[in-house]
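Please take a moment to look over the structure shown below before reading on. The paragraphs after it are meant to be read with the structure in view.

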Amino acid sequence: MPRARNNRMNVSVAVGRVGAAAGLLVLTALLPWLTRTDPALTVLHARYGDAPTTPKQLAEVRGQLGLDQGPFTFLGQWVRGLAHGDLGTSWVTGADVASDVGSAFWVSMSLMAYAMVVAVVLAVALCVPTLRRARPEPAHEVGAGVLAALPEFLLASVLATLFAVHLGWFPAQGWASPASAVLPALALGIPAGAVLGRLGQDALPAAFAEPWVRTARANGLPRARIARHVARRALPAVLPQAGLTVVGLTGAAAAVEAVFAIPGLGGTAVAAALDLDLPLLQGCLLVLLALGVVAAVLVGFGRRRLLGPALEAGALPGLAMVPGVGRGRLYAAGALAAGLLAVIVWGLTRDPLQVDLAARLSEPSGAHPFGTDALGRDVLARLGHGALRTLAVAAAVCAVCFVVGVGLGLMRWTAGLTEVANAMPAILAGLLVTGLFGAGVEGAAVAVAAVGWAPLAAHTAAVAEAERGAGYVEAAVASGAGRWQVLRWHVLSAVVPTVGRHALLRLAPTTLALASLGFLGLGTQPPTPEWGRLLMENLPYAERAPWSVLAPAVGLAGVGAIVVLASAAGGLGRRR
């Protein structure tokens with residue numbers, strides 16, 4: 001029976017993958033019509049810049065691209081070409097899409113491999129203290145939270161300025177040698193490794209609290225051997241996130257690719273989406289979807305190898321409750337929150353929109369405690385006035401992602417939908433949502449939430465699968481417990497606290513995702529102050545006026561530290 005049930009589930013997941021991928025490709029084909037944008041005008045601008053266009057030119061381009069026949073005719077032609085291995089030609093350059101996507105893909109795969117090495121090394125370094133002491137280490141947990149909150153594009157700019165421009169140790173741009181990969185791999189790998197490390201820090205103490213560890217210690221098993229088994233036991237909870245990270249580092253690295261002028265797949269997909277170059281965009285999506293499926297299959301195989309026969313036999317130990325580590329973390333979180341709140345209130349007493357060109361990029365002083373930006377506006381004022389908007393919108397998006405992620409993650413047949421959502425570039429979601437609802441902060445929030453739930457759903461599915469395989473769940477079912485009773489009293493009580501901490505960890509990345517859409521004209525519009533926008537607006541002046549980017553970066557890092565301290569002050573699971 002379990003084998004037949006698993007076979008049915010695998011078929012459902014496969015059907016879901018195909019359906020979700022087909023739906024995404026159809027939405028992409030409808031992109032010009034959904035956004036009410038004339039692709040002919042966009043293509044002409046991409047080809048010839050701001051040169052004036054005539055109705056005759058637009059009509060000729062529409063005829064060349066087949067736009068006058070409607071979206072479904074274009075989609076049918078693309079599918080027929082795909083069946084013969086032909087991805088078409090770019091609407092903008094006329095180049096072969098397969099050649100462009102192939103070259104960008106191998107560049108991104110190489111960069112992703114380097115970045116994953118950095119991420120794994122950092123994740124292991126963050127988890128080793130917990131593995132040695134068999135208990136949470138507050139300093140390392142806070143470090144993971146702060147590193148996870150660092151913006152990738154800010155890290156890339158700082159690394160390029162310091163190690164490429166000033167010291168000359170590495171190339172500042174291009175993709176000519178392995179040395180070209182060092183700085184972008186660090187910029188991508190550090191935040192990703194911090195997230196993986198934080199999830200590992202969450203899983204290890206829960207594994208140490210399982211009954212078999214006490215038995216092993218009582219029988220005199222060496223600590224090193226126990227630690228190896230604990231690491232093996234905790235790894236299945238982290239693997240799904242690692243699989244999604246592989247796809248994310250390949251297709252969502254556009255900002256870092258832009259800083260280092262790397263011709264990767266992420267930048268290619270973003271440029272194609274902005275230019276409405278549908279053949280090139282669909283080619284990029286097809287590769288990302290295929291990569292997501294391969295990563296998911298490998299992750300599923302790895303998890304089942306690690307969990308072993310105990311998963312199907314219902315012999316896994318349930319998630320254990322780790323005793324709290326005292327009130328020190330709560331006090332520290334409260335102190336940090338009080339300090340951040342004081343700075344925000346101080347900023348609220350000042351004018352965030354007053355422009356003083358005579359004081360542009362001024363150093364911190366009595367008149368401007370945090371300095372000024374490129375327009376002479378007070379950084380402290382913009383930090384304070386942007387705090388509520390930044391944190392409120394990001395928190396709302398994280399809450400929606402948490403609810404959707406948990407809900408869909410508990411439905412095992414939605415694994416394919418999760419993989420497709422994770423492979424979808426945020427800019428594409430932004431364009432689709434903006435076309436339907438218009439530009440603004442609400443549309444940007446919907447766009448980020450449309451793809452942001454995927455990592456939480458994957459984490460939920462991993463925790464729920466292990467919990468459903470626990471012996472006490474099998475006993476509850478044998479005693480007559482129904483599906484909803486098992487879900488409410490056993491599965492959800494394990495999923496909610498664990499995935500909730502993961503959702504809080506994504507507060508800072510969500511803020512930056514919202515800011516990136518606003519920077520492209522799809523979200524919060526200037527001169528409205530917002531932390532992520534402050535970073536992106538002042539990044540070109542970071543070398544001359546570092547205070548203009550330091551203030552919002554420290555604010556985001558402080559929020560990350562507060563979240564980690566507050567969320568980890570209690571236990572890591574639930575008590576049996």
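Predicted model: local features only at pLDDT ≥ 70, side-chain atom pairs only at ≥ 80, totals over all residues.

Residues are numbered from 1 along each chain as its sequence is written, and side-chain values use heavy atoms, with hydrogens and water left out.

We begin with helices that pack against each other. Two packed helices are described by the angle between their axes and the distance between the axes. Helices here are DSSP runs of H or I with at least four residues, numbered from the N terminus, and their axes are lines fitted to C-alpha atoms over the stretch in contact, with angles running from 0 to 180 degrees between N-to-C directions. The axes of helix 7 (residues 138-149) and helix 9 (residues 182-208) come within 8 Å and cross at roughly 145°. This crossing of helix 7 and helix 9 is left-handed, a word used if the near helix is turned anticlockwise from the far one by less than a right angle, with right-handed used if clockwise. On the side of helix 7 the contact (heavy atoms within 4.5 Å) is made by His140, Glu141, Ala144, Leu147 and Ala148, and on the side of helix 9 by Ile190, Pro191, Ala194, Val195, Arg198 and Gln201. By class, these residues divide into seven nonpolar, two polar and two charged, where Ala, Val, Leu, Ile, Met, Phe, Trp, Tyr, Cys and Pro count as nonpolar, Asp, Glu, Lys and Arg as charged, and the others, Gly among them, as polar.

The crossing of helix 17 and helix 21 is right-handed. Helix 17 brings Cys401, Phe402, Gly405, Val406 and Gly409 to the contact, and helix 21 brings Leu456, Ala457, Thr460 and Ala461; this contact has six nonpolar, three polar and no charged residues.

Next come the rings. Rings of Phe, Tyr and Trp (its six-membered ring) pair if their centres lie within 6.5 Å, and planes under 30 degrees apart count as stacked, over 60 as edge-to-face and the rest as tilted. By this rule there are three aromatic pairs. One of them joins Phe163 and Trp169, a tilted pair with 5.7 Å from centre to centre and 40° between the planes. Trp346 and Phe370 have ring centres 6.4 Å apart and planes at 75°, so their pair is edge-to-face. Trp346 lies in helix 16 (residues 328-348) and Phe370 in the loop between helix 16 and helix 17 (379-409), so the pair ties together parts that are 24 residues apart in sequence.

The backbone also deserves a look. Most residues other than glycine have a negative phi. Leu361, however, has a positive phi near 55°, and it lies in the loop between helix 16 and helix 17. Leu361 is buried, with a relative accessible area of 7%, since buried means under 20%, exposed over 50% and partly exposed in between (1.4 Å probe, protein chains only).

Finally, Ala444 is found in helix 20 (residues 441-452), and at 3% relative accessibility Ala444 counts as buried.

Technical notes
Helix = DSSP H or I, 4+ residues; strand = E, 2+ residues; numbered from the N terminus.
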